[in-house]
Amino acid sequence: MSYQSEAELEKQLIAQLCDLGYEKVSIADEEQLVANFRKQLSLHNESKLGGVPLTDKEFERVMRHVEGKSVFQSVKILRDKFVLEREDGSEIYLEFFDCLHWCKNRFQVTAQTTVVGKYTNRYDVTLLINGLPVVQIELKRRGLDMKEAFNQIDRYRKHSYQGLYRYIQIFVISNGVDTKYFANTDKELMYSQTFFWTNVNNERISQLGDFAFTFLEKCQISKIIARYMVINETDQLLMVMRPYQIYAVEALVTRALETNNNGFIWHTTGSGKTLTSFKASQILANEPGIKKVFFLVDRKDLDSQTIKEFNKFEPDSVDTTDKTDKLVQQIKDINRPLIVTTIQKMANAVKSPRYEKIMDQYRDEKVIFIIDECHRSQFGDMHKAINKHFHQAQYFGFTGTPRFEENKSQDGRVTADLFEKCLHHYLIKDAINDNNVLGFSVEYINTIRGNYDEMDETKVHAINTDEVFMNETRIEEIARHIIENHDAKTRHREYTAIFTVQSIPMLIKYYDAFKALNHSLKIAGIFTYGANEDSEGRDEHSRDSLERMIADYNQLFHTNYSTDTFSSYFSDVSKRVKNAQIDILLVVNMFLTGFDAKTLNTLYVDKNLKYHDLLQAYSRTNRVQKTTKPYGNIVCYRNLKENTDDAIRLFSDTNNTDTVLMRSYSYYLDLFEAELKRLYELVKSPQEVNGLQTEEEKRQFILSFRELSKALVKLETFTEFEFNEETVGISEQTYQDFKSKYFLIYDEVKRAEGEKVSVLADLDFCIEIMHTDKINVGYIMNLIRQIDLTDTKQRDQDIKEIMAELDRADNEELRLKVDLLKTFLNKVIPTLSPEDSIDEAYYAFEEQSRQEEVKYFAEEVNLNEETIQEFVAEYQYAGILNHQEISDAVVDKLLAKKRKVKKVKEFIVDHTNKYN
């Protein structure tokens, strides 16, 4: 079978782009790139230059301003004006990119530009706007994995994306059939942040020709760069919006500017509604005809996570106080068109007579209200008060679970009653298809024995009483079942779980049941109690029960909370769930909406849930993390099959639940056996892997074993899974032996000698699915970041806990860093103040340690320190050990030289692994 070549793909793309109005230009190298930039910059600013071209000195000033910057700095320079002092003393404002009139920029396309950096690289296709390279397209021939193009861009970025190439905003990867795009960054590129383009109906546009026509069209790509990229100040990175986010913003802005009607956006939980809604708010706030834009959230959602999210996009945009006075001051400020506040404070502002004078100024002005999580009843309650005050107000809501007739609110309202029309939808089935969220693997465990059919709803409902569900034997059996299967569900506690139950009394019973059983799980409980609740028939008030749980928590984590410091306890629990330090968190309703933790992969359920409550609760588990988390695990100890199917159908707008709910154990077993058969067709035993000679043979083995391991990750979460030859066709020992061979090839590629780049170098090895260690470098660094520098006693306790974790570590990567991390904890952390950044302190310490290690080793082997640094840098960026260069640098007798060369090479690899 013949495939379309990469060269042919490139030729067709360039021809298409020329048809779309791009000027084709030949740029052989960086020197020609700079010359072209000078010419295009002058043409773009022709009217400002007044017919007088830029002199050499003037252009030199421009280049000093634009070159040598980070990607993040370049992002801001591109969108800003540059004040150029001309040689005659006059000043002009040079523009690099027209952010307002997108189509008035100058568009060019070039191909096969050679750039010499650490290594010589040749780029496939580059799109230039006003002479600056802003879109880089990397192509692979049809039939190849797109991930290879992604890995190649990552390699080029480390080797040679320098100078003006730091102005690349968007990367595009394609094999002709599938095409994705993603933003440039100074940080690590992540494949999970690559996106398919779609049309407004969320139908994928993946074929390169169609993608070019709809995404790379001159005005469209210019608009995306100008309007739909987000500068994240907190993390200092550039983000590009996904297609459904762009379409939603465009629909909302059009509705706001062209009508006086309301509307709502239905985007599933976990799809990035905060960014979408905030971008819409920013665009509307810059419209002259709109006096104020109010972004409203519920008070209970304004936790540290939400505040951090908002401040990423607009620094200091959120008022965290409970004072309505502060809100009214912001409303009074005419230079503040966008205000983020809570529903509760806005209700106070419009109702209170003391603010009437200020609020009346906006009574007849056009104001916009954007409401987060608009399916909740709180906004409905205050809608009348706001509507009564603001005569020209428009309301736009965002929700992942709208209210319909099937799940209308207690007062009988549906979302459309307040917000009229759904302007755009992106459903859970769409998000799963795009890998923006995960699907669910749901298990239903029968916990009630008796002469009835569990699927007969009338009988199940007939026995649905506290007497049955609160039975102590039942609760103990469920607790035992969880203990026995928890490690399988959470990948040996790499992930964490929430257990939601029907009531506080049930939560207390479960907590006590777990406590009475023998296990090593870290279990916490949290709920809110009523000050004057009825305690009749109970041994203790629920506050006393919570106090007991907090006391156990304090002992477990060496903290000092109580019910008097409940908000601090809540924050600490939230932090430890996100860090996977708590294995199971017992809740009734808390943490089931609005709580995002990628480390959470399992939800145990012993309560009745339906419609939006069910999907919101399930969705706590389905945030995308890495390959080791293929779906969210839901374990139901109630008969929720029908409720689950109903909720999925309603919020997927389909009768088919297969796209959201994962398949059965037998399905994944068949999948595993098919992959195993494919593997055995290549090699009949682990020993045969040694006989693979060509890179193509090794490539086929890598691909086959990788897919087998992915299938295994899914299988392992099922309770019926047993790893033996009778059950799955291969013994665990044989699998581990194959895995060892897999790692040998991986290490071989990483240690490859010589300048030649192996065809395996860009292959995705998916190493993460081979490891099951919870305690790894990322986990430890997360704990270090959470050290409390405000309290000496707590700080020392935090250090002690992390030291204990390090002593238990068996992760290969982490073991290399143990001594380094212990020294940092003992010597540096105690010197830091609360104002210091732990991350910055660690990076400075690590860099100093790295330099010292190179210095000592250079002295040991009698080599120049800079020479060792260069060897390390070469391996660090390219994974290449140049044997000849190392050999030439070592001067010694033959045998001693051979040993020393070997020692230098081992140091380079170990040093890179330790400090990477």
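## Basis and overall make-up

The structure is a predicted model, in which local features need pLDDT of at least 70 and side-chain atom pairs count only at pLDDT 80 or more, while totals for chains, interfaces and linings use all residues. Residues are numbered from 1 along each chain as its sequence is written, and side-chain values use heavy atoms, with hydrogens and water left out.

The protein holds 36 helices and 24 strands, where helices (H or I, at least four residues) and strands (E, at least two) are DSSP runs numbered from the N terminus. Of its 916 residues, 55% are buried; buried stands for under 20% relative accessible area, exposed for over 50%, and partly exposed for what lies in between, with a 1.4 Å probe and protein chains only. The accessible surface comes to about 41200 Å², and 46% of that surface belongs to carbon and sulfur atoms; such areas come from the Shrake-Rupley method with a 1.4 Å probe, and for residues only the protein chains shown count as cover. Among contacts with a separation of 6 or more, 72% join residues 24 or more positions apart, a contact being heavy atoms within 4.5 Å.

## A hairpin and a covered helix

Strand S2 (residues 81-85) has a covered face formed by Phe82 and Leu84, and an uncovered face formed by Lys81, Val83 and Glu85. S2 runs antiparallel to strand S3 (residues 91-95), to which 5 bridges join it, and the bridge partner of Val83 in S3 is Tyr93. The hairpin of S2 and S3 has 5 residues between the strands, and Gly89 takes a positive phi near 95° there.

Helix H8 (residues 218-227) is mostly covered, with 7 of its 10 residues buried; among them are Gln220, Lys223 and Ile225. Glu217 caps the N-terminal end of H8, with a side-chain oxygen 3.2 Å from the backbone nitrogen of Cys219.

## Nonpolar cores

A nonpolar core is a set of buried Ala, Val, Leu, Ile, Met, Phe, Trp, Tyr and Cys residues joined through side-chain atoms within 4.5 Å. The largest such core has 102 residues, of which Met346, Phe369, Phe499, Tyr569 and Leu585 touch the most other members. Helix H21 (residues 504-516) gives the largest share of this core, 8 residues. A second, separate core of 101 residues includes Leu41, Val75, Ile225 and Val253.

Arg474 lies in helix H20 (residues 472-489) and counts as buried at 5% relative accessibility. Arg620, in the loop between helix H24 (611-618) and strand S24 (632-636), is buried at 1% relative accessibility. The table gives their polar contacts, each a pair of N or O atoms within 3.5 Å; within protein, one must be able to donate a hydrogen and the other to accept it, and residues adjacent in sequence count only if both atoms are side-chain atoms.

| Side chain | Backbone oxygen reached | Distance |
|---|---|---|
| Arg474 | Phe469 | 2.9 Å |
| Arg474 | Tyr637 | 3.1 Å |
| Arg620 | Gln616 | 2.9 Å |

Not counting residues up to four places away in sequence, Arg474 touches residues including Thr447, Met506 and Asp606, and with that limit Arg620 touches residues including Thr269, Phe591 and Asp596.

Thr719 sits in the loop between helix H27 (695-715) and helix H28 (725-728) and is partly exposed, with a relative accessible area of 32%. Leaving aside neighbours within four places in sequence, Thr719 is in contact with Glu443, Asn485 and Lys489. The C-alpha atoms of Thr719 and His486 are separated by 9.4 Å, although these residues are 233 residues apart along the chain.

Conventions:
Two strands pair if DSSP finds at least two bridges between them.
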